[in-house]
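The following exercises concern the reading of a protein model. Please examine the sequence and the structure before working through each solution.

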Amino acid sequence: MRQRTTKLAAAVSLALLIFIGANCFAVTPYFNVAGSSGAFNSFALAAGPAEGGKVCGDFIWTYKNGAQGVDNRGTGLLETGNVWIVWNNSTKPTKVCAYIAVDSIIGQQLFFAQPASTFNLLEPAGTAGQNLVPTLTDTPIPQAVINVLQGQPFNAAPTDIRPEDALFEETRVLAPLNTTNYNGLGYGPGPVGTPIQSSFSTKTSTPALYAISGTDPITGQAIPSSVTRDVGVQVVMAIVNAQQGSNQNSGHFGDSTSFFSINRRDWTLAVNGSYAYTKDITSIPGQGTVPLNVIAREPLSGTYTAFEFNIPRNTETASTQEVGVNPATGQGTTCPGQPCGNPLFLSNGAGWRKRAIGNGEEIAEVGTAANGDAIGYAFWSVGNLAGQSPAIRYLAVDGVDPINLNYVDGTLPTCSAPCPGVVSFANVASGSYPAWNTLRVVSYKPVPSGVTALVAGVQSQVVNIFPDFLPLGAMGVLRSHYKQMGVGPANFSGGDCTNVEAGGDVGGAVLTIQGDQDYCAATGTKTGRVNLHQ
């Protein structure tokens, strides 16, 4: 009996060792994120088989609306988006990275949710990719790679705005519609709000309650401590459809002699529905009468939020893109025709206002000839906008070029990698250009090694290969931070200032870094000059 017991114990011990060993060596995702659609291409180029890339491997697969972020809080939410997956071996992968483009606020909504949100691939093994990332060629997705990713929690969230600003905007979206100050946009109430719909497709973006610290407002589960890492500075550009004609004084955006710059006030009046014609945004007289069409982003987008608080909702203009937009307008009667609040389709008197979901759809619809003389906005990157001319041109803002020192004709540059000098961002580095914000990655502590590696990879690539955004070290200015969602501000200026960054900064006043350091040294105030707005 004793011998049988000893043999049984030995067998159990061996099985336990095999189980432990198998789990110790199980491959988990190196980088598994959902977030900013504007940074989708930048991270893909660093992760995959691009020059200066390969942080995750030599193989890439991409697919439109090919994956979902699954909210596991009983909400039923499935946030669908374009996806890239990169891996290093098709049969026995040791590194697998994935990125779902669901926009910045949705990405943080998924990341901070407890229990953790997870990755869900919608396509089977062997499916051919769709080559969504410029310059990269897809490989069919293998089962071994799917096995690593499926059902795994996200370990980070790339975002165009700080977590405090993202939570503020989510709260604003869910709050009851307030047409006096638009501090509530009417897509609630929570915990799960009304899906914000695209005017051009079946895409949606759905708000849901979440928190960035303390406990989850839906489940009550504790939220782990997180860290937000700055990656680089992104530039929001005014882009226009240039396909309707280029004759001088024709009133069409293809005329670069008449449409070369837009003032902040005029840009605001265009996006809030006050301007009906293209001639309203130019100082050159004698233009033809051409309807102005406006394509906005969804309010859960980091691009939308950066633009909203830097241009129409800054302290000078004090407006919003949402003037006259009621999500309930027309429901059950005219939607999706006019007038409709969701999906947005409102007249501005001659043209229309509509909404795109995601960076890719925004750029594609601005560049669609059937949309007439359309104006929109997007973050610059090589993958997003390089080579989009002649269909699309860009405009200076207040006479200041967003990507180069001097404006020429708004032709978007092309890039045959490496192309480190194709744009300079000189006016962003100096603080002259008004519409920019910092790209960040939010992760839990300790920061996963794959997140650290991808951030370092993309930072290296923008210097040497693809100038998608401005390196942090090239900036001579920063944005004043302010108290947001109960979090006190700190500018993270360096020098004698604290090395902590906190609070909101989207739409914060632009300050020189040296001036803020000197302020800390002279006054002993370690946070820098805070609570100043643009």
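**Exercise 1.** State which residue of β4 stands opposite Asn32, and describe the sheet around it.

*Solution.* Step 1: Asn32 stands opposite Ala98 in β4; helices (H or I, at least four residues) and strands (E, at least two) are DSSP runs, numbered from the N terminus. The model is predicted, so that local features need pLDDT of at least 70 and side-chain atom pairs pLDDT 80 or more, while totals for chains, interfaces and linings use all residues. Residues are numbered from 1 along each chain as its sequence is written, and side-chain values use heavy atoms, without hydrogens and water.

Step 2: β1 and β4 (residues 96-101) pair in the parallel sense over five bridges; strands pair if DSSP finds at least two bridges between them.

Step 3: Five strands form an open, mixed sheet in the order β1-β4-β3-β2-β5. Its edge strands, β1 (31-35) and β5 (118-121), each pair on one side only.

**Exercise 2.** Determine whether Val325 is buried or exposed, and list its contacts.

*Solution.* Step 1: Val325 lies in the loop between α7 (302-310) and β12 (340-341).

Step 2: The relative accessible area of Val325 is 3%, so Val325 is buried; buried means under 20%, exposed over 50% and partly exposed in between, with a 1.4 Å probe and protein chains only.

Step 3: Leaving aside neighbours within four places in sequence, Val325 is in contact with Leu177, Tyr187, Gly341, Leu344, Leu346, Arg353 and Arg355; contact means heavy atoms within 4.5 Å.

Step 4: Val325 and Cys340 are 15 residues apart in sequence and 8.3 Å apart in space, C-alpha to C-alpha.
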